[in-house]
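Open the model in your viewer and keep the selection panel at hand. The tour goes from the sheet to its helices, then to single residues.

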Amino acid sequence: MPQPPSPLHPQEAVSPAVPVGWPETFLRHRAGDGCPMCANDYATDDIGWGLLLRRGEVANAYLWRSGRLRGYCVLIHRGAPHVAEPTDLSEAAAAAYWRDTLALGRSLTAFYEPIKLNFSTLGNVVPHLHSHICPRYPGATDPAPGGPLPWDVLDNGRQDEAQLHADAAALRELLEKPAVAWQEGAP
């Protein structure tokens, strides 16, 4: 059996259970033990981090409070058992997650009219399946035109609360639109 490639900068682990540079809790959380996203109350419309836009088939869409990018959303898988990677999903659940992702992306496109959407499924800090969906804007209104968003744009600062609530109401209305309506004019 072929061996995985060696890292460019080999490091020794602090302990056999925790890779160097990863949070002490990472492997536990990845396995679903004490995962902070699993602890969310998905029945509420406000999880503190963001406002609920839609309870999809397998994931909830939230308009995020943090950061300085208007329209920044996070889609969080809410199933049991805990899932860390999209590859952990069945074919049907993976298709449902993608449908939830597309519904959110389409509503962001319709409302904010960005020139691009960024979809990032990372999980390096919180190993629970979730995706960051970020509208990108033309000219000086975008913090990094033509390049990747610096993490501090998404993490530092807070959205204006009144604007956040107004945007959430408009996005909820768009997300109530049946999926068939989005497909009319699609290639």
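Contact here means heavy atoms within 4.5 Å. Helices (H or I, at least four residues) and strands (E, at least two) are DSSP runs, numbered from the N terminus. Axes are lines fitted to C-alpha atoms, for helices over the stretch in contact, and angles run from 0 to 180 degrees between N-to-C directions.

This is a predicted model, in which local features need pLDDT of at least 70, side-chain atom pairs count only at pLDDT 80 or more, and totals for chains, interfaces and linings use all residues. Residues are numbered from 1 along each chain as its sequence is written, and side-chain values use heavy atoms, with hydrogens and water left out.

**Stop 1: the sheet**

Show the strands. Two strands pair if DSSP finds at least two bridges between them. The open sheet has 5 strands in the order β1-β2-β3-β5-β4, with antiparallel pairing. β1 and β4 (116–120) stand at the edges. Each has a single partner strand, so one side of each is left without a neighbour in the sheet. From one strand to the next, the twist averages 25°.

Select β1 (residues 50–55) with β2. They run antiparallel and are joined by 5 bridges. The two strands form a hairpin, with 3 residues between them. Pick R54: A61 in β2 stands opposite.

Now go to the β4 end. β4 and β5 pair in the antiparallel sense, again with 5 bridges. N118 has its bridge partner, C134, in β5.

**Stop 2: strand β2**

Select residues 59–64. Buried means under 20% relative accessible area, exposed over 50%, partly exposed in between (1.4 Å probe, protein chains only). How many residues of β2 are buried? The count is 6 of 6. In a regular strand the side chains alternate between the two faces of the sheet. On one side of β2 sit A59, A61 and L63, and on the other N60, Y62 and W64; both faces are covered.

**Stop 3**

Select α2 (91–112). This helix lies across β1, β2, β3, β4 and β5, and runs at about 165° to β3. Then select α4 (161–175). α4 packs on the sheet and touches β1 and β2; its direction makes about 5° with that of β1.

Stay on α4 and pick A169. A169 is partly exposed, at 42% relative accessibility. Draw a distance from A169 to L51: C-alpha to C-alpha they are 9.7 Å apart, though 118 residues separate them in sequence.

**Stop 4: the core**

A nonpolar core is a set of buried Ala, Val, Leu, Ile, Met, Phe, Trp, Tyr and Cys residues joined through side-chain atoms within 4.5 Å. The largest one has 41 residues. Select L53, L63, L69, I76, L104 and L108, which have the most contacts inside it. β1, β2, β3, α2, β5 (130–136), α3 (151–155) and α4 each supply at least two residues. α2 gives the most, with 7.

Zoom in on L108. Not counting residues up to four places away in sequence, L108 touches G71, C73, E113, P114, L117, I133 and L171.

**Stop 5: the cysteines**

A disulfide is a pair of cysteine sulfur atoms within 2.5 Å. The structure holds 0 of them. Pick C35: its nearest cysteine sulfur, that of C38, is 3.8 Å away. C35 is buried, at 3% relative accessible area. Return to C73, whose closest cysteine sulfur is in C134 at 8.5 Å, too far for a bond. C73 is buried too, at 0%.

**Stop 6: two loops**

Select E113, in the loop between α2 and β4. Its phi is near 50°, a positive value in a residue other than glycine. Is E113 buried or exposed? E113 is exposed, with a relative accessible area of 62%.

Finish at D142, in the loop between β5 and α3. D142 counts as buried, at 5% relative accessibility. Show side chains: a polar contact of 2.7 Å joins D142 and R136. Such a contact is a pair of N or O atoms within 3.5 Å; within protein, one must be able to donate a hydrogen and the other to accept it, and residues adjacent in sequence count only if both atoms are side-chain atoms. Leaving aside neighbours within four places in sequence, D142 is in contact with R136 and Y137.
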